[in-house]
Amino acid sequence: MIKKQFSDNLQKFLSEDKWMIIQEDYKQEENLKYESLFCLTNGYLGTRGSHEEGTVKSIPCTYINGVFDKSETFMRELANMPNWLTLRLYVEKELIGIENCEILSYTRALNMKCACLVKRVHLRDRKGRETLIESVRFVSRANVHRMAIKLFVTPINYSGIIEVENIIDGTVINFCDAPRFKVKHIYKTANEALGEKGAYYEVATRDNHLHEGCASCLTAVRNGKDVIKTTVFHDFGEQAVEFNDFDACQGETTELIKYVTIFTEREVKKEEIKKSASEEMQKFMDVGFDAEFEAHLSKYEDLWKEADIQIEGDDELERAIRFNVFHLMSTASDFDDRVNLGAKLLHGEEYGGHAFWDTELFMLPFFAYLFPEKARNLESYRYHLLDAARANAAKNGYNGAQYPWESADDGTEQCPDWTIEPDGTCYRCYVAVYEHHVTAAVAFGIANYFKITKDVDFLLNKGAEILIETARFWRSRCQYVESKKRYEIRQVTGPDEWHEPVDNNVYTNYLARWNLRYVISLASMLKEKYTDEWNTLVEKLSLSDEEISEWNTVQNMIYLPKKEGTQLLEQFEGYFDLEEVVIEKYDKNDWPIKPEALNHMKKSQTQIIKQADVVMLLHLLGDEFDEETTKLNYSYYEKRTLHGSSLSPSIYAIMGLKVGDSSRAYRYLRRAAFLDLVDLQGNTREGIHAANAGGVWQTVIFGFAGVSIDEDGVLNIKPNLPIEWKKLTFRMHYLGTWFEIVMKSNEDISISILEGEEMLVKLNGNTVMTRRK
């Protein structure tokens, strides 16, 4: 039990082991992985799980959602803000730190239930002095501008003066451990004392000069009394340092608290940032660490009431699933509809904090079913950037709106034309040029959000306009081939990025057809039920019946490649002519091993693919394919998919269940759930795989729990539980009603209403009326 390892001081910050991600020994080479795993976010900002005193191997980062900068890099990326964590203790100028002392014991753990990071280290310095340090850190969900660290410091075998440096470190840079890519996105604008106690440090981004201010103050108490003897502020260039000292007594614990507040020009006027940070700091200190933590905990109790998934009989997998849910729900903003979710959340530098198709297809269902207001924010982000998508389409010679493959704060394409490898070589990156299916993903996300929530207001005022403009894009993207009497989409890349560009990627063509069909149907519905709003939209967009009729002609004639005489979909034209290579071996983590044939030929020359492509299509548009077609295509492409992307395993898990391959589906779920915890792809150091986290949730709910919505809008539940699971419990929203669903077996299912209206649902095909709990 993790609780046994900590003193009474930290017991209230601990939970049962099933809620804890535990690190029980210190290995410097694992620092970066744990910094991602232990990152704390609150929807406003995220701070990686670096050690307060600093370590040699570290990427200390604090990102504020929506604060991007380019400077000398090739894209706008989340700017690394000053590191507020730094807190150093010294005894006779000797730093008490895990890399400066002998480690006698070490435990660090992420408490997912309480959203805090706890630590216990027993250290011995080179003079034999032993110090026990226990700590807890959190970023408040109740007041998102507040964050704090509490340390319990106990000298075991000595007494004497302990000196403390409370630091706000502005020397931080992006990609600090990558010499070729290092860049500094901020410059100092203020470094000063915060009244009689505390420090204030302010920076601005280099391109747009957007300001961010950070205030910090340290307290030290023993036996209820303030023990700080000296407080001095130092302006050390790009570091604001509040120096303190106190007399430490052998065997007695001193409680140190570092209070921090952060504001940016996105929330308050530039000239009011310091005042806001200072006033918030005073309120924070008046309330105190413990009271603020209780308010924070109350928020997480509410979050977990919505999102927790309980699995009896599979404890380790339950914890892994919670881990993915925790990071996903912690990062989404409660209040800001001009920010999205990056592919690595706010946990690391890879992809620069950019939003991809990951949001709509992998993460949005989680939020739409559990936190509809957050889902609306994510979709509103796309509406705010619609004009940029229109400009992007026009720049590339198309009509309507073409959403960028990588999106930051201004909606322009952030995917670089060239990328640089670690060895300095450059290669042309064609992703943004050819991977256009992101526009269909945006449309699919809006349609899915509306399907789940029936948010008519969003549809009428934002969603419908996006959908019409995406339909216009696909019409202009489809090329009529007179000799074949069909429309084609040439020079395109599907989800499988190892084959680019190709002609008529079947995933892209199907989604383009879906996009056109959906908007045609939507236009008919809006015209009939919301005539005034429809007429206003028609006038705003200069939309005509003739244009809609043309969409219908195009969608009827889009080419959908498949093997002649069979229902086997061809991933793209010419795919079946490539070298037939299949996967035959798997490693200890049940991950496919690259076939030997790829050692002497390029992936693009073979049928080996990076990730779910055709199978992704089967997942999204499953109603368009019969059982035989689904099974045939799953079987064919499963043995050719190397899962070079974290987006892939969850999709194969869901589809494996759909075709009856339950054992393989369970293995895929485990791969996805543990992907970051065991660093399966070797890049957890760069942040949490956000789309994979959303995919894990979808696998449990849509796959094993068998939740779906039929064409009549009725909620269907048809589970296929693994034999390891004795009981599955989860909650979700649908059409304004909040349900709790408990499954003890595939047949023993109960569904009850927590809030909202009673409604008809289908359990294993049988229609029943839900009842209040």
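**Entry 1: strand β20**

I looked up the pairing of β12 (residues 146-155) with β20 in this predicted model. I found 8 bridges between the two strands, in the antiparallel sense.

**Entry 2**

I traced an open sheet of 3 strands, ordered β2-β3-β4, and noted antiparallel pairing. I assigned β2 (40-41) and β4 (62-64) as the edge strands, each of which pairs on one side only.

I counted 2 bridges from β2 to β3 (residues 45-47), and these strands run antiparallel. I noted that Thr41 faces Gly46 of β3 across this pairing.

**Entry 3: Trp498**

I located Trp498 in the loop that links β25 (486-488) and α11 (506-529). Is Trp498 buried or partly exposed? I class Trp498 as partly exposed because its relative accessibility is 22%, and buried would require a value under 20%.

I next listed its contacts, leaving out residues up to four places away in sequence. Trp498 touches Lys603, Ser604, Ile608, Ile609, Lys610, Leu642 and Gly644.

I also looked up the separation of Trp498 and Gln607: the C-alpha atoms lie 9.8 Å apart in space, while the residues are 109 apart in sequence.

Conventions. Residues are numbered from 1 along each chain as its sequence is written. This is a predicted model: local features need pLDDT of at least 70, side-chain atom pairs count only at pLDDT 80 or more; totals for chains, interfaces and linings use all residues. Side-chain values use heavy atoms; hydrogens and water are left out. Two strands pair if DSSP finds at least two bridges between them. Helices (H or I, at least four residues) and strands (E, at least two) are DSSP runs, numbered from the N terminus. Buried means under 20% relative accessible area, exposed over 50%, partly exposed in between (1.4 Å probe, protein chains only). Contact means heavy atoms within 4.5 Å.
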